[in-house]
Amino acid sequence: MTKLTDSEAARLHPETLALSHGFDPWLSEGAVKPPVFLTSTFAFKCAEDGKRFFAWAHGEGTPPPRREMGLIYSRINNPNLEIFEDRVAVWEGMKDAYSFSSGMAAIATTLLATHGPGDEMIVCAPVYGGTDSLIHHFLKRLGITAQFVPAGPDAPALAEPLITPRTRSIFIESPANPNNRLTDIGRMKELAQRHAPPAAGQATGRILVIVDNTMAGPVFAQPAKVGADIVLYSATKFIGGHSDVVGGVALANDDVLLTAIAQHRAMLGGMPNPYTAWLLTRSLETLKIRAEQQQRNAQQVAAFLVGHPKVREVLYLGLLQPGHPEHAIYQKQHTGPGSLISLHLRGGEKEAFAFLDHLKVFHLAVSLGSTESLAQHPATMTHSGLTPEDKRFGGVTDDLVRLSIGIENAEDLIWDLKQALEHA
Ligand SMILES: Cc1ncc(COP(=O)(O)O)c(C=O)c1O
């Protein structure tokens, strides 16, 4: 959208910018949609350019804005990745983004870029099973240790006594996967700054607030607005939205953090390929209408599930009532309840499996945030790697089923749930 001035672009909404921001058709024969730049390497006009581009990529000299740095090699930069990153950053209201080949690549690279041996993390549990394994096993082997507190309104009070001079981050999923618990990101930020204030002239202090926003964002929550220093995504979920692509994103506002993430991505090689980035860019165009339709359906599904005799409890942000300790957090952090519903059935694994095995419209599959509705059993699927103790700690019980509501007709989804619950 090259005709727009910067101040005009700043007034436009993300869903408008998702259709054109960051791409100049006149650099690509007037193509309205970005072509796929399937190239591993880029020609330099002269050797001096190559020398300068590499120096900037190493952080030497005074680099120009990132998009003017000159294309080098697709592990370092590529137009499709940059167009996608520009548009995600607009959605999140953050300075810049780096895309990855998966959510786990984004999370692992970011944690490796920001933590070193001896550093400590405070983690609000539960988190996605892959993240849990990464922290419990892989990072531990590197000398990065974690203390866990239960996600929810009490998390800041429980976290405070665990802070030590080696605490480097507070890691939050809000809502948490799979129990939808909400943690107050602003209070965690206040805690981080009180214990380790930023030095003069620095944007962040020693303790980083890192939020995996996969479950709510970016349409219904933007954690940086309430204090997150780094926001992470599995772009496989709502951002990709069609269960046909795996990807991830890390966003930050602070240049030091952004440079560290960029350099670690280039070293570890976890960037997406250009076609993946192109697919994710395509998906961003419909993100808002998909997320809103999924949310409308989820509200009807949740209303049906509440009070169903086979359902002990429905965990859905749209059911939080004023006075509930998480309702105040919801109001601060969310503009909508989204489309992820977890339910405790009456019974245990046997009843949960009977319900799952009889679903006909929902797919029995892990993942979430896609156009089709999905159902899975966290205790034996996404979170099966947790120890029994960690499952108990994170509320991952045998009777828990997680639903991701898609864009189908809500009546059809309710019909399917109703007939499957008869078998539970
Ligand atoms: C909250 C959350 N974060 C991260 C991930 C990992 O993402 P990916 O599968 O894209 O690596 C997932 C995957 O389910 C997730 O649910």
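Modeller: A residue is buried if 20 or more other C-beta atoms lie within 10 Å of its own. Keep that cut-off in mind; this is a predicted model.

Colleague: How many residues of strand β2 are buried?

Modeller: Five of the six in β2 (residues 120–125), so by that cut-off the strand is mostly covered.

Colleague: Which strands pair with β2, and in what sense?

Modeller: β3 (residues 145–150) pairs with β2 in the parallel sense, over six bridges. There, I122 stands opposite Q147. β4 also pairs with β2 in the parallel sense, over four bridges. E120 faces T167 in that pairing.

Colleague: How does the chain get from β2 to β3?

Modeller: Through helix α6 (residues 129–141), in a right-handed β-α-β crossover.

Colleague: Now the helices. Which residues of α8 are buried?

Modeller: In α8 (residues 185–195), I185, M188, K189, L191 and A192 are buried. They cover an arc of only 160° around the axis, which puts them on the same side of α8. Their cover includes α7 (155–159), β4 (167–173), β5 (208–212) and α12 (325–333).

Colleague: What is the strand order in the open sheet of five strands?

Modeller: β8-β9-β12-β11-β10, with mixed pairing.

Colleague: Why is one side of β8 and of β10 left without a neighbour in the sheet?

Modeller: β8 (311–315) and β10 (363–364) stand at the edges, so each has a single partner strand. L315 has S342 as its bridge partner in β9.

Colleague: Which helix packs on this sheet?

Modeller: α11 (residues 287–305), touching β8 and β9. The direction of α11 makes about 15° with that of β9.

Conventions: Residues numbered from 1 in each chain as written. Predicted model: local features only at pLDDT ≥ 70, side-chain atom pairs only at ≥ 80, totals over all residues. Buried ≥ 20, exposed ≤ 12 C-beta atoms within 10 Å, placed from the backbone. Helix = DSSP H or I, 4+ residues; strand = E, 2+ residues; numbered from the N terminus. Arc of directions from axis to C-beta. Contact = placed C-beta atoms within 7 Å. Pairing = 2+ DSSP bridges. Axes fitted to C-alpha atoms, helices over the stretch in contact; angles between N-to-C directions. Right-handed = clockwise from strand over helix to strand, strands pointing away.
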